[in-house]
Amino acid sequence: MNETSALALRPHRLRAALAATPGVAYILLLMVVVFGATSKHFLSGANLLNLGMQSAILLMIALPMTLIIMSEGLDISLGAVLTLCSVVLALMLVRGNGLAVALAAALAVGFAFGLANGLLVSVVNMPPFVATLGTFGMAQGLALAVTDGQSVVGIGDFVQQFYEGGVFGIPVPIAFALGSYALSHWLLYHTRFGSYVFAIGGNREALVLAGVRVNLYHIGIYAFGGCMAGLAALLLTARMNSGHPTAAIGIEFDAIVAAAIGGTSFERGDGWLFGTVLGTFAVGVMRNGLNLLGVPSSLQVVSIGLLVIVALFVDGLKQRS
Amino acid sequence: MPPDRAAPVLELRGISKLFPGVRALDDVSFTIRAGEVHMLLGENGAGKSSLIKVLYGAYQADSGEILHHGRKVAIASPADARRLGVAVIFQEFSLVPFLDIAQNIFLGREFASRVPGHIDHRGMHLEAAKLLELLGMDVDTHTKVHRLGVAQQQLVEIAKALSQQASVLVMDEPTAALSEHETERLFKVIRRLKQEGVAIVYISHRLAEVFELGDRITVLRDGRKVGSLAPSETTPDELVQLMVGRAVDTSYAREFCALPGELALETKDLGSERGISGVNIEVRTGEIVGLAGLVGAGRTEVARAIFGADRVTHGEVRVFGRPLDGGPDASTRRGVALIPENRKQEGVALIRSVQDNLLLASLARLFPRRWFDPAVGRRVSVQKIDELRIATPSPLRLVRYLSGGNQQKVVVGKWLSAGCRLFIFDEPTRGIDVGAKAEIFNLIGELVGRGAAVLMISSELPEIVHVCDRAYVMRGGRVAGHLTRAELTEAGILRLAMHHE
């Protein structure tokens, strides 16, 4: 529209806008161009829809991960907790419970793990990496124990029907992703909780001096992560039409990558929620595009590692200039 | 209703606070009255900060009581202090870098909107803008705080305290970072608050401010109240005299250097990225030269610039006649040792042995063929242990089990074995108990006796006066003056450091 031409007329404003755009946006654009040119399926409507649906679960983990990292934390248990929630959800359904009860159970498990992580980090004062490494092992072990390492099948058709349905014409997974983004955005930018996320990472002492019950909010950040894992378990279970004890292994890695390349800082209490959305797409596009090109999944992991380094390098260059 | 001027809002009675080895506050009584600016004075470590911390609940007094409008209260946390109407403008900023100005001002007191949980951003920005206008600050309240300069951050900090509509406002050196214009603006606000009956406690190192603003002055020294006076009854000189004269341990008196040797260190118009500028310092072998000044005057920054730990932006450093540039490793190769204030983090490896620490900086020299020879290592470390009389049962004892004084000796021994001849000590007696201090100074005296040169940073005025051959005094990132042995007195240093000649 007119806005672009206005920008073009003012080169200094254009330059400022370019400088303000994080590296991940350029990388995303570049990938879309490259994959679009090399694979004729990549830009097809079906593939783009597929891309969005695949990215939904990752986004639902990456959003709380962003808040956690902003608070100078980390949660490497989220993948395992998501897996455990999915297994619990499937088991509940197999035993004949309704979807609402099963989802409540999954949410409760996620919340409990988030609560445990938050307590260990804020009250016990453990390094987040160590604390969540512990709960990671517990969640993963429990998921294997309750399933005997087998997939939980026979959960009925209605979960899959639900997954394939739509809300106002929007496919359910994408509606979940949009809803999660709206919720996270509201929490981070429009509530006390969100302000305190910035403060816990940026200057925790300031909150203490302001008489805020910091631990409560600190625990809340991790509990939010656990609940989001519980909710994402619904999508995961539905997509596979079963509960599998190793289903979401490593998704926490992708989530950390998405937040990091989206511009979330690991030590200053700085973050940009929409950057995480772009980061999630970058990871999704990378995997999707490489899949279409027939690149084996081991090499996809290598490319995602490379993606982090390139994205952060670009941001580093821009910060210096 | 006009506020009752005479009525004390807060009264501290007989407050004492002990830390291991230090009596931070000793039976201090302090009355804060409505509509009065109460100046709190004292040199570094006199107990001002401790008193403030008791006031806002960061410290609990070991004895004594606090009265609020005549009623006994306990201030067990910052939240308690806030409930009693105490607000503090901190010197170390209590701001969150990636929140905007309005969010920072109202941190912990966000405005609620009608939607549950929702913050009323509009209302907060409106209020914040009013506060900034009052302070004469023309900045958009949506600006994130990390984008502001130090002076503007200080103003936000002030706005934050003002927004609490406190009845007691504590200001810890609020003008330290402000320009003259901003300072005037702040004074206007302070006078207005005074009229409105707010009680103000004001810590300052600028004597001019004390007389311009103060209604009452309390002077602390060694954690004790040494004077409580009205500005009209006193003079700047009397205040300086009250502040100095701390208890002195004379057991480390030394013979001063009569004939300094060659020029070991020379800085010419030195400036660094950390805000020092125009620094000209000379140190000769055989001399202990003091670098005095108030906390934040730029002393450590000078040491870091000389050593190459901060980037030098102007001027040059010459060591033993040749220019020195390059990082810390270049400096140590040229025989310069920096013994930092934070010994446990930067000076010694606590979980390694005395021997390991002593050899750490000279491995390449002792073992040129890169092959560690235990016999040589043992011999060299035992020799250093004897030389410096380090009290350790064995060279293999872990450094963490040694006393602070002996740890300091290990650090010095490390640089001695590396062949260093210019030693820069940053607060060498910080965290060392009284008995061991004399030992440290004997050690420093021995160093110069053997032909080394020493530059010593200290916040303890008596240390500078009793140990140093002469001293430079810093203020605001520059050298404010030089005092020869004959001129070196505590009052003389303080006058230069506080800008009152």
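## Exercises on a predicted model

In this predicted model, strands E9(B) and E10(B) form a hairpin with two residues between them. B:Asp222, in the turn, has a positive phi of about 50 degrees.

**Exercise 1.** Work out how strands E9 and E10 of chain B pair: in which sense, and over how many bridges?

*Solution.* Start with the ranges. E9 covers residues 216-221 of chain B, and E10 covers residues 224-229. Next, the sense: the pairing is antiparallel. Then count: there are five bridges. B:Ser228 in E10(B) stands opposite B:Thr218.

**Exercise 2.** Describe how helices H4 and H13 of chain A pack.

*Solution.* First, locate the helices. H4(A) spans residues 45-70 and H13(A) spans residues 251-261. Second, take the geometry. The angle is about 60 degrees, and the axes lie 8 Å apart. Third, classify. Angles of 65 to 115 degrees count as roughly perpendicular and those under 35 as roughly parallel, so H4(A) and H13(A) are oblique to each other. Fifth, list the contact. H4(A) contributes A:Leu58, A:Ile61, A:Ala62, A:Met65, A:Thr66 and A:Ile69. H13(A) contributes A:Ile251, A:Glu252, A:Asp254, A:Ala255, A:Ile256, A:Ala258 and A:Ala259. Last, sort by class: 10 nonpolar, one polar and two charged residues.

**Exercise 3.** How many residues does each chain bring to the contact between chains A and B?

*Solution.* Chain A gives 19 residues and chain B gives 16 residues. Now look at chain A's side. Helices H10 (192-202) and H11 (204-209) each supply at least two of its residues. By class, chain A's side has eight nonpolar, seven polar and four charged residues.

Definitions and conventions. Residues numbered from 1 in each chain as written. Chains lettered and ligands numbered in written order. Predicted model: local features only at pLDDT ≥ 70, side-chain atom pairs only at ≥ 80, totals over all residues. Contact = placed C-beta atoms within 7 Å. Helix = DSSP H or I, 4+ residues; strand = E, 2+ residues; numbered from the N terminus. Nonpolar A, V, L, I, M, F, W, Y, C, P; charged D, E, K, R; others polar. Axes fitted to C-alpha atoms, helices over the stretch in contact; angles between N-to-C directions. Parallel < 35°, antiparallel > 145°, perpendicular 65-115°, else oblique. Pairing = 2+ DSSP bridges.
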